[in-house]
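Keep the viewer open as you read.

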Amino acid sequence: MDNVFDMLIIGSGPAGLGAALYAARAGLNAAIVEKSPVSGGQIINTTEVDNYLGLPGIGGFEMGETFRSHVEKMGAVFIEDMISSVKNSDGLYQAEGGKDTYKAKTIVFAMGAERSKLGIPGEAEFAGRGVSYCATCDGAFFRKKNTVVIGGGDVAVEDAIYLAGLCEHVTLVHRRDELRASVSLQKALLSKENVTVEWNSIPDEVIGEGTVSALRIHNKETGESKDIPVSGVFIAVGMDPVSDLAKGVCDLNERGYIIAGEDCETSAPGVYAAGDVRTKHLRQVITAVADGACAVSSAEVYIRTLG
Ligand code: NAP
């Protein structure tokens with residue numbers, strides 16, 4: 001492709017879509033590259049979003065569609081491709097995709113984050129066969145069965161609440177004696193009759209033959225080990241940034257997040273990081289969308305310096 005874009009936005013979650021909206025309004029020759037034509041990133045796997053201004057209780061999938069159709073109406077260019085590398089070549093950035101090579105004056109990294117792995121025996125072996133990282137995607141497979149959720153944050157508690165509506169019984173396994181999740185979520189969880197919590201408990205192994213039959217845990221206070229008989233194990237122990245593309249292009253921190261402040265500027269001129277992939281305090285849809293706007297505002301200043 002001979003066209004040199006003013007801006008190539010990689011990722012079509014809320015941060016990428018926010019950037020695409022602002023780029024379109026600024027009249028930039030911008031394109032947004034996405035792996036699949038379903039926009040929204042992590043929110044499409046969320047049943048309900050209640051903390052985005054003006055859209056109370058909207059479904060995650062519907063939110064992604066709503067964002068995308070707004071951006072499309074503004075004339076944004078969407079490209080469906082999988083970018084495998086980004087490099088600086090003669091002052092321009094070159095992104096290698098499966099279908100084409102894209103050149104741009106600026107890059108916005110907006111690849112988001114994905115669920116962390118635990119790294120315990122059986123986890124990888126049973127992934128997709130009883131081990132899941134998405135309750136709203138896979139919960140229906142465990143209707144009327146027993147499941148376990150591992151973690152104590154907002155996602156784990158939301159997952160446990162969701163599964164409690166489908167499953168016979170849900171056990172939340174948490175490594176401490178208090179949850180990290182918001183108080184309102186904790187209250188909702190603890191009011192469920194078919195949910196129990198295993199406090200101070202460390203998951204050791206997913207057990208089964210062909211499919212999952214139990215999760216082995218031990219209590220770190222008593223040292224006691226036990227098997228919880230379950231068909232499904234849902235792992236919700238935090239997120240890892242999807243930042244491989246940025247390695248060698250700009251600086252990352254020790255956890256792999258792209259180092260960027262509120263202006264979304266990275267260590268490389270013309271390269272911006274927006275949303276969950278950057279170092280920040282609060283990773284939410286509302287802050288990701290705002291990052292998209294800030295990244296474009298910073299990029300406009302940089303593009304003007306290029307003459
Ligand atoms: P999180 O808040 O970082 O919670 C991760 C949980 O997993 C923590 O309870 C942590 O235990 C536990 N954990 C981490 N590593 C573990 C390990 N190796 N073994 C066992 N347990 C482990 O992550 P999250 O729940 O995925 O949420 C990500 C972000 O999205 C958060 O900022 C969250 O607030 C936000 N979010 C917000 C909403 C909402 O506002 N509606 C919904 C979803 C997500 P410790 O508590 O002991 O550290």
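A search of the whole structure turns up 1 disulfide, the term here meaning a pair of cysteine sulfur atoms within 2.5 Å. Before going further, please note that this is a predicted model, in which local features need pLDDT of at least 70 and side-chain atom pairs count only at pLDDT 80 or more, while totals for chains, interfaces and linings use all residues. Residues are numbered from 1 along each chain as its sequence is written, and side-chain values use heavy atoms, with hydrogens and water left out.

The disulfide links Cys-134 and Cys-137, whose sulfur atoms are 2.0 Å apart. The torsion about their S-S bond is about 70°, so the disulfide is right-handed. For accessibility, buried means under 20% relative accessible area, exposed means over 50%, and partly exposed is in between (1.4 Å probe, protein chains only). Cys-134 is buried at 11%, whereas Cys-137 counts as partly exposed at 38% relative accessibility.

Cys-294 counts as partly exposed, at 26% relative accessibility.

Now to the strands. Helices (H or I, at least four residues) and strands (E, at least two) are DSSP runs, numbered from the N terminus, and two strands pair if DSSP finds at least two bridges between them. Strand S10 (residues 169–173) runs parallel to S11 and is joined to it by 4 bridges. To find this pairing in the viewer, look for Val-170, which stands opposite Val-195 in S11.

Strand S1 (residues 4–10) is worth a look too. Of its 7 residues, 6 are buried, so S1 is largely enclosed by the rest of the structure. S1 runs parallel to S6, with 6 bridges between them, and it also runs parallel to strand S2 (residues 30–34), with 4 bridges. Ile-10 takes part in both pairings: it stands opposite Phe-109 in S6, and its bridge partner in S2 is Val-33.

What surrounds the ligand? Its shell holds 17 residues, the closest being Gly-152, Asp-154, Arg-175, Arg-176 and Arg-180; a residue is near a molecule if one of its heavy atoms lies within 4 Å of it. By residue type, the shell divides into 4 nonpolar, 7 polar and 6 charged. Here Ala, Val, Leu, Ile, Met, Phe, Trp, Tyr, Cys and Pro count as nonpolar, Asp, Glu, Lys and Arg as charged, and the others, Gly among them, as polar.

Oxygen atoms of the ligand come within reach of several side chains. One is 2.6 Å from an N or O atom in the side chain of Arg-176, the corresponding distance for Arg-175 is 2.9 Å, and for Asn-51 it is 3.0 Å. The protein covers 72% of the 920 Å² of accessible area that the ligand has on its own, as computed by the Shrake-Rupley method with a 1.4 Å probe.

Finally, consider the backbone. Strand S12 (residues 201–209) runs antiparallel to strand S13 (residues 211–219), and 8 bridges join them. Ser-201 has Asn-219 as its bridge partner in S13. The hairpin of S12 and S13 has 1 residue between the strands, and there Gly-210 takes a positive phi near 80°.

Most residues other than glycine have a negative phi. Lys-144, however, has a positive phi of about 65° although it is not a glycine. Lys-144 lies in the loop between helix H3 (135–138) and strand S9 (146–150), and counts as exposed at 65% relative accessibility. Asn-200 also has a positive phi, near 50°. Asn-200 lies in the loop between S11 and S12 and is buried, with a relative accessible area of 14%.

Technical notes. Polar contact = N/O pair within 3.5 Å; in protein donor to acceptor, adjacent residues only side chain to side chain.
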